[in-house]
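The following note concerns a ligand site and the pocket around it. Please read the points in order beside the sequence and the model.

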Amino acid sequence: MATPSFIIVAIDGGAASGKSSSSKILAERFNLLHVDTGSFYRHITYELLRRGVAHTDLPSLLQALAELKFTTRLNGRSAQMLISGQPAASDIRGHNVNDHVSHYAAIPEVRHTLLSYQRGQMAVAQQHGFRGLVMEGRDIGSVIFPQADFRFFMNADPAERAKRRAKEGQQDSIAERDRLDSSRKASPLTSPAGAIEIDSTHLTLGQVVEKMAASIAPKFAGS
Ligand code: CDP
Ligand code: CDP
């Protein structure tokens with residue numbers, strides 16, 4: 001019997017566009033490893049802030065990056081990145097990280113440090129018997145896995161996204177992060193070639209997931 005093919009789903013989009021919530025549901029439905037790369041950038045940012053390394057101080061930044069060791073632990077279906085054996089603190093989604101993360105994420109050396117770790121999640125998924133992985137971020141379909149079987153680009157009206165984030169009780173400057181993420185030179189936030197674009201301004205989360213699942217399901221049926 002042929003081995004079922006390993007499926008990669010790439011989801012990109014701006015802040016609070018619905019990437020995490022839809023990825024988690026798809027992971028559950030199709031037995032995929034869920035990889036939230038935004039949490040990796042947040043964890044690194046938290047660690048660099050904790051060490052007092054400014055994003056403008058490149059020599060100290062390079063030294064700190066060389067000292068960080070990345071490993072993975074599974075949290076249910078999600079890949080959790082450990083830095084030197086430690087999981088991310090709960091406040092990586094707090095306003096301090098929100099305010100700084102896009103500045104660190106714009107630095108090519110920071111992105112390069114995470115590149116092979118992110119691609120290595122494919123092996124993690126295979127080792128743990130997942131049928132594939134769903135990875136979400138800003139450059140997944142364009143840089144990390146341009147060969148992904150499915151590339152989705154999520155969007156929603158900025159006012160609607162701000163409303164959703166506020167409803168979660170978070171203080172988050174999503175417009176400013178989107179501006180920085182889209183305008184940086186290194187792997188900017190962009191809709192990758194061949195992406196299926198989903199504007200969720202007037203869609204419920206359930207409707208978004210059904211759209212995505214309708215594209216993905218035939219591939220599973222055929223392998
Ligand atoms: O959840 P939300 O969409 O608000 O943000 P996130 O996915 O947790 O990402 C936090 C930040 O990490 C983004 O604003 C980007 O600056 C950076 N990021 C990135 O540069 N590349 C990725 N693949 C993922 C996140
Ligand atoms: O991961 P990302 O920052 O792109 O967004 P998220 O954390 O998945 O979604 C932000 C919030 O919007 C969550 O509370 C979702 O439940 C909500 N959401 C929504 O109300 N309607 C949608 N169509 C998608 C997400």
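Which polar side-chain atom lies 2.8 Å from an oxygen atom of ligand 2?

1. The atom belongs to lysine 19. This is a predicted model, in which local features need pLDDT of at least 70, side-chain atom pairs count only at pLDDT 80 or more, and totals for chains, interfaces and linings use all residues. Residues are numbered from 1 along each chain as its sequence is written, chains are lettered from A and ligands numbered from 1 in the order in which they are written, and side-chain values use heavy atoms, without hydrogens and water.

2. Backbone atoms also take part. A polar backbone atom of alanine 16 is 2.9 Å from an oxygen atom of ligand 2, and a nitrogen atom of ligand 2 lies 3.4 Å from a backbone N or O atom of leucine 205.

3. Ligand 2 is surrounded by 16 residues (a heavy atom within 4 Å), the closest being Ala16, Lys19, Ser20, Ser21 and Glu168. Helix α1 (a DSSP run of H or I, at least four residues) gives the most to this shell, with 3 residues.

4. The space taken by ligand 2 is the largest pocket. A pocket is an open set of points on a 1 Å grid over the protein atoms alone where a 1.4 Å probe fits, with protein on both sides within 12 Å along at least five of seven lines; lining residues have an atom within 4 Å of a point.

5. Helix α2 (residues 37-50) supplies the largest share of the lining of the largest pocket, 7 residues.

Definitions and conventions:
A polar contact is a pair of N or O atoms within 3.5 Å; within protein, one must be able to donate a hydrogen and the other to accept it, and residues adjacent in sequence count only if both atoms are side-chain atoms. A molecule sits in a cavity or pocket if more than half of its atoms lie within 2 Å of its grid points. Helices (H or I, at least four residues) and strands (E, at least two) are DSSP runs, numbered from the N terminus.
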